[in-house]
Amino acid sequence: MGEIALPNGNSNGTISGVNGQSHSLNGYRKSCWYEEEIEEDLRWCFALNSILHTGASQYQDIALLDTKPFGKALVIDGKLQSAEIDEFIYHECLVHPALLHHLNPKNVFIMGGGEGSTARELLRHKTIDKVVMCDIDEEVVNFCKSYLVVNKEAFRDMRLEVIINDARAELEARDEESYDVIVGDLADPIDGGPCYKLYTKSFYEFIVKPRLKKGGIFVTQAGPAGIFSHTEVFSCIYNTLRQVFKYVVPYSAHIPSYADIWGWVMASDSPLDLSAEELDLRMRYRIKGENRYLDGKTFTSASTLSKTVRKSLNNETHVYTEETARFIYGHGKHA
């Protein structure tokens, strides 16, 4: 539900594809702002230098904005997905805890991840032989290949296989294959969006879990996890995974460009209990380069949730199914 606002009203051009509408473009660029409706009575906005590109696929509306506070920002279906200045927080948190808790991760399947940043972080691990990135939207993948320079090396890496398909269909078709880690880097579950069916108990139980090798780990982004926002989907994604896996670890971190704390959930039938010191040791020997955000103590802090959120998660009874889906605020192209 993002909009481009030009207060001075001086314009002679339009863009399409942001929230399915057309918006004035030209005029004085210093007066151009991006505005996203987070809740019915709450909006988040920031100034733009320019609108770099907009487009639309059969699944989603896409925009790349050059923002003043956050650098280049990818917006899909009116929701900011990733910003240049702080995307490392999200992607380090999504990837490294699961990879480090695994004894020797060799092959990984990414559900979604068309931006390429998740693949980039995975390919930093020296043990990795193969990463399969499966995104439903070829337009998004090509868009990100063209415009997100930071991930060009990852897209060129011979260990990366890019598949354009629905992640569920692709995993079902690969019934003879199994993975050390499966990563859910999917768009948020929004009404009319393409991804909400990939957060359900049946999907986790009958598609994801059987594709994991012994000792395998599943991790997914799980939406807003703030003091007020965590009950949208974070708590029920956590509870849904508890119905499927023996060990489930929720954790969160503040993402400035999201204007909220964000959540991830890691799950396995093997214990997920490395100490901060053990995590640091594995990082030292297994990851090329140095993380900007995540280390052992940071993960210990991230997985120590506030009293309010812990209580909500412990008391959550909702199980995510296609019939009882919960959505974050907003709507997809086909709502």
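## Terms and overall make-up

In this report a residue is buried when its relative accessible area is under 20%, exposed when that area is over 50%, and partly exposed in between, with a 1.4 Å probe and protein chains only. Helices (H or I, at least four residues) and strands (E, at least two) are DSSP runs, numbered from the N terminus. The structure is a predicted model, in which local features need pLDDT of at least 70 and side-chain atom pairs count only at pLDDT 80 or more, while totals for chains, interfaces and linings use all residues. Residues are numbered from 1 along each chain as its sequence is written, and side-chain values use heavy atoms, with hydrogens and water left out.

The protein contains ten helices and 15 strands. Of its 335 residues, 57% count as buried. Contact here means heavy atoms within 4.5 Å. Among contacts between residues at least 6 apart in sequence, 65% join residues at least 24 apart.

## Helix α7

Eight of the nine residues of helix α7 (residues 234-242) are buried, so this helix is largely enclosed by the rest of the structure. The buried residues are Phe 234, Ser 235, Cys 236, Ile 237, Tyr 238, Asn 239, Thr 240 and Leu 241. Their cover includes the helices α6 (201-208) and α10 (307-315), together with the strands β13 (212-224), β14 (247-255) and β15 (260-268).

## Helix α8

Helix α8 spans residues 276-286, and its buried residues are Ala 276, Leu 279, Arg 282, Met 283 and Arg 286. Seen down the axis of α8, these residues fall within an arc of 130°, so they line one face of the helix; the arc is that of the directions from the helix axis to the C-beta atoms. As a general rule, an α-helix has 3.6 residues a turn, so residues three or four places apart point the same way.

The buried residues of α8 pack against α1 (87-101) and α9 (296-302). On the face turned away from the buried side are the exposed residues Glu 277, Arg 284 and Tyr 285.

An unreviewed UniProt entry lists Asp 185 for "active site"; UniProt positions are given in the numbering used here, feature names are shortened, and annotations may be inferred rather than shown by experiment. Asp 185 belongs to strand β12 (residues 179-185) and is buried, with a relative accessible area of 12%. Leaving out residues up to four places away in sequence, Asp 185 touches Tyr 90, His 91, Leu 94, Ile 110, Met 111, Gly 112, Gly 113 and Thr 118.

Val 95 is placed in helix α1 and counts as buried, at 0% relative accessibility. Apart from neighbours within four places in sequence, Val 95 is in contact with Thr 118, Glu 121, Leu 122 and His 125. The C-alpha atoms of Val 95 and Ile 182 are separated by 9.8 Å, although these residues are 87 residues apart along the chain.

## Pocket and cavity

The largest pocket has a volume of about 780 Å³. Of the 46 residues that line this pocket, the closest to its centre are Leu 80, Gln 81, Asp 188, Tyr 258 and Trp 262.

A search of the whole structure finds one cavity of 30 Å³ or more. The largest cavity has a volume of about 70 Å³, and its lining residues include Gln 60, Asp 77, Gln 81, Asp 188 and Pro 194.

## Loop residues

Asp 77 lies in the loop between β7 (71-76) and β8 (79-83) and is buried, with a relative accessible area of 6%. Its phi is near 50°, a positive value in a residue other than glycine. Ala 259, in the loop between β14 and β15, also has a positive phi, of about 60°, although it is not a glycine. Ala 259 is partly exposed, with a relative accessible area of 35%. Most residues other than glycine have a negative phi.

Glu 176 is found in the loop between α5 (167-173) and β12 and is exposed, with a relative accessible area of 72%. The C-alpha atoms of Glu 176 and Arg 211 are separated by 8.5 Å, and the two residues are 35 residues apart along the chain.

Conventions. On a 1 Å grid over the protein atoms alone, a cavity is a set of points where a 1.4 Å probe fits but cannot get out, and a pocket is an open set with protein on both sides within 12 Å along at least five of seven lines; lining residues have an atom within 4 Å of a point. Grid points are joined across faces, edges and corners, and a volume is the space filled by probe spheres set on the points.
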